[in-house]
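Please open the structure in a viewer and keep the sequence at hand.

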Amino acid sequence: MTEAKGLAGGLAGWLGRARKQMAAELKANRRLVAGDLLAAVLAAVLAGLLAYGLAPPAVRGPGPGPLLASLAALSGLAAAAVFPLAGFYRRHTKSTSLRDIATVLKGALLAVAGTAALAALLPAAAAIPLLLHLIQFLLLVPALCTLRVAARRREFIRRRQRLQAREEERIPILLAGTGTSCDLFLRSLRHTGSRYHPVGIIDDARNTEGLYFHDVQITGSLRDPAGVIAWLEGLNLLPQRLLLTEPVTHFDSEGIARLVKWCEAHGIAVSRLAGLDEIESGTGGRRARLKDVAPEDILDRPQTAVERSRLRQLLAGRRVLVTGAGGSIGSELCRQIASFKPAELVMFDHCELNAYTIGMDLDQNFPEVPRRIYVGSIRDAARVEAVFARHRPELVFNAAALKHVPLVEQNPCEGVLTNVIGTRNVADAARSCGAIAMVQISTDKAVNTTNVMGATKRVAEFYVQAQDRVTNETGEDTRFFSVRFGNVLGSSGSLIPLFQRQISAGGPLTVTDPRMERYFMTIREAVQLTLVAAASGLALEMSHGEIFVLDMGRPVKITDLAERMIRLAGRTPHEDIKIKFIGPRPGEKLFEELFDASEERRDPGIPGISAARPDGVPISRLRAMILKLEQAARAGRSSAVRALLQDLVPGYSNPPPLPPKSGPRRRTGTLPSVPAAPGAGRRRREARQ
């Protein structure tokens, strides 16, 4: 008796679970259920019309109407009972495939057989011929398959619409190879919200150009690298990454080497898609592996796409001079400028090693571009004037600067000599040689600054702005712009190399403060937008000292960036590798800002770029104050330098003691000082004048 009760209880439990499962399946696929039932009814009606149309008159009787109505009702009942039991609704419509045909055939056959059995039991339907049920089955199978294909297509269209809505956020990539890995990768892109958007495929065989692999066109062959490179050079928007879908040894060695070299020279990241046989797993789960981390992997937003046609109009056939040409920003400027075939590229850098390195880079990747390298300091006005007079550049990019906050804080005189005096020398030389434009590379640390480096860069912005207003007043040709942006991933002294070394050593990763945030962008994106700002500034014909501010998305917490790098290296944050908070350094702010409170923010109509128009400082006052700064800096009087900067830069003052970490968070607050109130700098300047 006890055993019987146990069996009955188990059966009741199984039936309850089955009922709940079936109810969930029917609810999730309610539209498909309704469509299947309607298809069964319509197939029965249409089969009856066809059968009675083909049957001899003796079988027709007084009329097929009542009979067809009975047949339709019986078909609906049979379908409602059979289809759920046949497993029609267990799988999501997104996963519909050819193997579902077997389920459809089985369910349709059982449903038609059930309809025939019910019809045989009813005297009114006993006259239905067997031919009708055969026709019903032949109609029902394609109807059920069509409904499933339509449901999957509806999901595909929705997914495609979502992807198209965020098309601007997707990363354009170029694929190499048409093997199994490429096939699986493209299939996965169609079924996931991937951030990658393939713009073309380079095949490893000949004579396939123009064909489509899935929905991506084959644009060339690695056995003809010259043709592939010519196609890339003709693109208005370059892909941001070349993805090798096979091991390098699989491709033509000469072709892949030449393509990779071209991509690296043009700032296109090169990576390889891991094969299925390379996925490593262990008994304890994922096996940790240390791998190189690219800056674009850390940047949690898509990079801004830039139209190359606008840059080509700016740079092609012109004489261009870049200061700080061997630095992180300067070297990328030189590479991108060289890719547009200028008439001459003049490079100026105070570091012999940096000058040699960028020279060798251009020798290898752009040997056809005429160029000249000078070793010298922008602090030396005579040296700068001599180089400008010799080459008479049409476009000038001033990327030379001392940019490390703690070092400049300890060496304020050197910061003034390079960032202020050097900028003045370059700007004056650009005007004297009749350049079309000078572009000053600035930083977000110049906004509401709390350190010497930011203050010196702010003075440099003032001088460039004042020079542009002089152009507006005198009708001269030389334009002056400043381009302001935040931290650059992958630059010398940036967080990525530091964190990579710390990860390789097993940690810990050192972060100054858990609340600290920064704006980030890649070197390539910063340089491209800088060039776009210069081209657009000339086209807009403004001469009001606009400062172009690059769109850097949302600020990123340094702690989040450290954790992301640890995960990308295959480790677990705070477990495999610790994060240690060491406290802010002198002059550092918790939060950086891109716009000053006193600046007028404008939209110049340039994608990825905003414009700020500060109050500015009259050129006469600037020249006098800069002369005093130069005298104090060359004499090594640090206290006088700081005092002069405080007098010239609104809101800047000697940093007070750091607040406690438990203090309330202010979005525009900083650790060293409190920014000036809106308009305070303007009122103080007016009082002095």
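A residue is called buried when its relative accessible area is under 20%, exposed when over 50%, and partly exposed in between, with a 1.4 Å probe and protein chains only as cover. The model is a predicted one: local features need pLDDT of at least 70, side-chain atom pairs count only at pLDDT 80 or more, and totals for chains, interfaces and linings use all residues. Residues are numbered from 1 along each chain as its sequence is written, and side-chain values use heavy atoms, with hydrogens and water left out.

**Stop 1: the whole chain**

Display the entire protein as a cartoon. There are 23 helices and 23 strands; helices (H or I, at least four residues) and strands (E, at least two) are DSSP runs numbered from the N terminus. Of the 689 residues, 50% are buried. The protein exposes about 32200 Å², of which carbon and sulfur atoms supply 56%; accessible areas come from the Shrake-Rupley method with a 1.4 Å probe, and for residues only the protein chains shown count as cover. A contact means heavy atoms within 4.5 Å. Among contacts with a separation of 6 or more, 78% join residues 24 or more positions apart.

**Stop 2**

Next, select strands β1 to β6. They form an open sheet with mixed pairing, in the order β3-β4-β2-β1-β5-β6. At its edges are β3 (212–213) and β6 (269–272), each of which pairs on one side only. Two strands pair if DSSP finds at least two bridges between them. Strands β2 (residues 196–203) and β4 (residues 216–221) run in the parallel sense and share 3 bridges. Asp203 stands opposite Ser221 in β4.

Now centre on Thr219, which also belongs to strand β4. Is Thr219 buried or exposed? Thr219 counts as buried because its relative accessibility is 9%. Beyond its neighbours within four places in sequence, Thr219 is in contact with Leu174, Gly200, Ile201, Ile202, Glu209 and Trp231.

**Stop 3**

Move to strand β9 (residues 319–323), where 4 of the 5 residues are buried. This strand pairs with β10 (residues 344–349) in the parallel sense over 5 bridges. Val320 has Leu345 in β10 as its bridge partner.

Then select Val322, Leu333, Ile337, Leu345, Phe397 and Phe485, the residues with the most contacts inside the largest nonpolar core, which has 52 residues. Helix α19 (residues 523–540) gives the most to this core, with 9 residues. Such a core is a set of buried Ala, Val, Leu, Ile, Met, Phe, Trp, Tyr and Cys residues joined through side-chain atoms within 4.5 Å.

What does Phe397 touch, not counting residues up to four places away in sequence? Its partners are Val320, Leu321, Val322, Thr323, Leu333, Ile337, Val439, Leu531 and Ala534. Apart from the core of 52 residues lies another core, of 47 residues, which includes Val384, Phe388, Ala427 and Leu648.

**Stop 4: salt bridges**

Show the charged side chains. A salt bridge is a side-chain nitrogen of Lys or Arg within 4 Å of a carboxyl oxygen of Asp or Glu, and by this rule the count comes to 16.

- Glu409 and Arg642 meet at 3.3 Å, N to O. The pair links helix α15 (residues 405–410) to helix α22 (residues 638–648), 233 residues apart; both Glu409 and Arg642 are buried.
- Asp428 and Arg623 form a salt bridge with their closest N and O atoms 3.8 Å apart. Asp428 lies in helix α16 (residues 412–432) and Arg623 in helix α21, so the pair ties together parts 195 residues apart in sequence. Asp428 is partly exposed, at 22% relative accessibility, and Arg623 is partly exposed, at 40%.
- Glu476 and Arg431 meet at 3.0 Å, N to O. Glu476 is in the loop between α17 (452–474) and β14 (479–485), and Arg431 is in helix α16, 45 residues apart. Glu476 counts as partly exposed, at 38%, whereas Arg431 counts as buried, at 15%.
- Glu332, Arg335 and Asp361 are linked in a network of salt bridges.

**Stop 5: the surface**

Finally, select Ser620 in helix α21 (residues 619–634). Ser620 is exposed, with a relative accessible area of 53%. Ser620 and Ala466 are 154 residues apart in sequence, yet their C-alpha atoms are 9.4 Å apart in space.
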